[in-house]
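I am opening a new notebook page for this structure. I will write down what I looked up, one entry at a time.

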Amino acid sequence: MSILTAEQKQIQQTTREFVAKHIIPFAAQYDKSGEFHPYLLDAARESKIFAMAVPKEYGGLNYSALTQAVVLEEWGYGCGGMGTTLAASVLSMDSVLVAGNDEQKKRYFAPMVRGEIGSFGLTEPGAGSDAGSAKTTAVKTGDEYVINGTKCWITNGGYSEVFVIYALTDPTKGVKGLSAFIVEKGRPGFTIGTVDHKLGIRSSNTVELLFKDVHIPASNLLGKEGEGMKTAMKTLDLARPAIAALALGIAQRALDECVKHLQKRFPDPKVQPGQTLQFKLADMRIEIEAAREMLHYTMSLRDASVPFSVESAIAKTFCGDLAMKVTSEAVQLMGSYGYTSGISKLMRDAKIMQIYEGTNQIQRLVISRAVLASAPAAAQKAGK
Amino acid sequence: MSIYLTEEQELIGKNAQGFAKENLDPIVVELDHTGNYPADVVKKMAEQDFMGLFLPAEFGGAEAGYVSFVEVIENLSRSCPAAASIVVNHSLAVYAIQRWGTAAQKKEYLPSLASGKTLGAFAIFENGPTPGVGPDALMAVKKAEGWVLNGTKTYVRNAGKADVYVVLACSDPAAGAKALTAFIVSSKAAGLTVGEPKETMGLKGCPVADLNFENVMLAETAVLGAVTEGPELVAETLAVAAIAEAAQTVGIGQAAVEHAAAYSKSRVQFGRPIATLQAIQTLLAETATDCHMARLGIRYAAELLDNGEPFQVEAAMVKQFLARLHSKMLLDTVQVEGGFGYSEFMPLPRLFRDIAGTTLLDAPADFPDKTIAAALLA
């Protein structure tokens, strides 16, 4: 567990100012309309924040994992939807970080440095938790691949310059035939299908991607054919704590809004909330603190290049579940005020934190497998 | 408590279910989108006697009792919780008038409320820690010719559509919340205005707004119950609200778990329907169990009410139980449906937004615990 450095605190402060100016005032409006905030990318351009995870040699900010978590928490605090825009763009480039060569990194990261965004396309209508039953195909013809299929619930899809798309290069092999590709916007045959309306994170853009005989150069293959599942899993390991950070921001926001509400509701110092409410606030604070420390620890592991896959799943699950719990308690605490105000948005936004980038059930599978795998070894040790 | 519903109660519940499927299912999505008051549906519900279900026949009621009432509310809520909400809030005004009204008040108001010719609303909330003590508290001042009301009631359901409001006002500033008095106020009363409709997270179509009183003159005959009898009237009416709203919560939970169960059978991942996964079965089983246990508690409290026995503690317990479990029901069922469940083209997001409202809108959050603890500590 590390304590934030002066530089990280400075970044946190700058991010807070950005969020207060460019996100919080617009969150309700775009939540209501269900549209993407078009000015958001312009506002963020100068700060290069969409290139926060891009290494220095490619012109990015090269933020450590911990610093990224600090930034994402603030974005989640401002708006879970807009935070999702940032997290999803970072997610897409994580695949290139994991499996891309130097030339691919140059190509993929350049738009991010210019302030553009990317999308990660793995999910299909029939392949959610079970990513291995994808049906989208990429057939090699000469020095090109031809992609056909549909991806769904793709964040940023309508606004992204670049995409990482997972498709089967060998459908007979199932998961082992899955490969990852860079696909640029505007390729003939590559179009946007339905734009999804959602319970929450409504200011983020979620669309269907349609591929009809989309030709891409063979040099867009990330890593080797058949390595797609491995790349996707490594990418998600990197990206899951980002969701934890957003969830944490949402939980912190809910707590702060509760405090504001109670200060308004009990202006008279002689009439103060009862212990039920006092303890609820204390519990929220305790759990948020634990969640933040857990997340920062996970990020510190990653920054120290120590394996962190299980910790990543733990942080995502804990923070996602916590955001749901704290936001629904906040709505309950505020009663009718909560039900009719922007607070209910926090609850709607929080729900997706338990679903996307691997449902918390899938995280629990990952975690329980690790627990079971380590158990016999521990028993052996004890036996000796 | 009778273990089974009577034939009549079961029939009334089944009829309500049939009615809801035919008349509410087709409008529910649009209602959620527009939030427009469903006047046609309210009229049809009145034709089914839903607006005066527990009232005696002499006032035009169906005389079907409170167990039947909660059966109807649960079944309406399975299809359209917002429509059920309109009936529930109306029924609170009806309950208060039939319980505390004079013979003349009952005769004047109940028949048209029972037939649905008029709509009722029950207004207790104010913008302060408790009614009667905030800056905009509704104050009632006694004059020679009756009462003058000034102030604001907030979060009033059915506001703007109701014809008859039962409102709680403070009739003695020094005594604050202890001196609440109930009044029957016509929507046409001079000086009474309805604020902007409040946008709510769910239950869209059930209006919510403020009622603003500016020198509203009421005759002495507008007082419901005795002067300063308000606290008892509120406590008992909120207990009725607790039962009715619990029935709404259970209706929503039941609809959600049935939808999630059907979904889990058709959704194939890892080469088999997710219904075969233990983790999914647990989510479904817990929700179904919570619904069932709550339903038993609701029927029990309603039957106490039917038998004229004290019911407030049991009603509060149902509310307490569901205050802990209502959000879990929808969080878990949405979780079963994953990304699909989160999308607005599926029904669970709407039910998710609705279910929170069923435990929030009518009663202060501390009402159940206070009631239960007071009984235990007495």
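**Entry 1: a helix pair in chain B**

Which residues in H4(B) meet which residues in H8(B)? Before I answer, I note that this is a predicted model. From H4(B) I listed Gly65(B), Tyr66(B), Val67(B), Phe69(B) and Val70(B). They meet Ile298(B), Arg299(B), Ala302(B), Glu303(B), Leu305(B) and Asp306(B) in H8(B). I sorted the residues of this contact by type: seven are nonpolar, one is polar and three are charged. Then I looked up the geometry. H4 covers residues 65–79 of chain B, and H8 covers residues 278–306. The two helices pack at an angle of about 145 degrees, and their axes are 6 Å apart.

**Entry 2: a helix pair in chain A**

I turned to chain A and looked up H3 (residues 65–78) and H4 (residues 80–99). Their axes come within 6 Å and cross at roughly 145 degrees. On the H3(A) side I found Leu72(A), Trp75(A), Gly76(A) and Gly78(A). On the H4(A) side they meet Gly80(A), Met82(A), Gly83(A), Leu86(A) and Ala87(A). This contact divides into five nonpolar residues, four polar ones and no charged ones.

**Entry 3: chain A as a whole**

I counted the secondary structure next. Chain A has ten helices and eight strands. How does the radius of gyration of chain A sit with that of a compact globule? For 384 residues, the globule value would be near 21 Å. Chain A has 21 Å, so the two agree. Along its principal axes, the C-alpha trace spans about 80 × 65 × 40 Å. I also checked burial: 53% of the 384 residues in chain A are buried. Last, I looked at contacts in chain A with a separation of 6 or more. Residues 24 or more positions apart account for 77% of them.

**Entry 4: strands in chain A**

I followed strand E2 (residues 137–141) into strand E3 (residues 144–155). They pair in the antiparallel sense over five bridges. I wrote down two partners. Thr137(A) has Asn148(A) as its bridge partner, and Val139(A) has Val146(A).

Ile201(A) lies in the loop between strand E6 (190–195) and strand E7 (206–217) of chain A. Is Ile201(A) buried or exposed? Ile201(A) counts as buried because it has 31 C-beta neighbours inside 10 Å, and the cut-off is 20 or more.

In chain B I found Asn158(B), with phi near 65 degrees, again positive in a residue other than glycine. Asn158(B) is in the loop between strand E3 (146–157) and strand E4 (164–170) of chain B. With 28 other C-beta atoms within 10 Å, Asn158(B) is buried too.

**Entry 5: a charged residue, Asp237(A)**

I picked Asp237(A), which is found in helix H6 (residues 228–265) of chain A. Why does Asp237(A) count as buried? It has 22 C-beta neighbours inside 10 Å. Leaving out residues up to four places away in sequence, Asp237(A) touches Ser309(A) and Ser312(A). I also checked Pro307(A). Asp237(A) and Pro307(A) are 70 residues apart in sequence, and their C-alpha atoms are 10.0 Å apart.

**Entry 6: the nonpolar core**

In soluble globular proteins, nonpolar side chains tend to be buried together. I looked up the largest nonpolar core here and found 250 residues. Among those with the most contacts inside it are Phe181(A), Ala247(A) and Phe183(B). Helix H7 (residues 230–266) of chain B gives the largest share, 18 residues. I then listed partners of Phe181(A) beyond four places in sequence, including Ala138(A), Tyr145(A), Ile165(A) and Leu222(A).

**Entry 7: where the chains touch**

How many residues of chain A are in contact with chain B? I found 27, and they contact 28 residues of chain B. On the chain A side, helix H8 (309–340) and helix H9 (343–353) are the elements that give two or more residues. H8(A) gives the largest share, eight residues. By type, this side has nine nonpolar, 13 polar and five charged residues.

Methods:
Residues numbered from 1 in each chain as written. Chains lettered and ligands numbered in written order. Pairing = 2+ DSSP bridges. Helix = DSSP H or I, 4+ residues; strand = E, 2+ residues; numbered from the N terminus. Contact = placed C-beta atoms within 7 Å. Nonpolar A, V, L, I, M, F, W, Y, C, P; charged D, E, K, R; others polar. Axes fitted to C-alpha atoms, helices over the stretch in contact; angles between N-to-C directions. Core = buried A, V, L, I, M, F, W, Y, C linked by C-beta atoms within 7 Å. Buried ≥ 20, exposed ≤ 12 C-beta atoms within 10 Å, placed from the backbone. Rg over C-alpha atoms; globule rule 2.2 N^0.38 Å.
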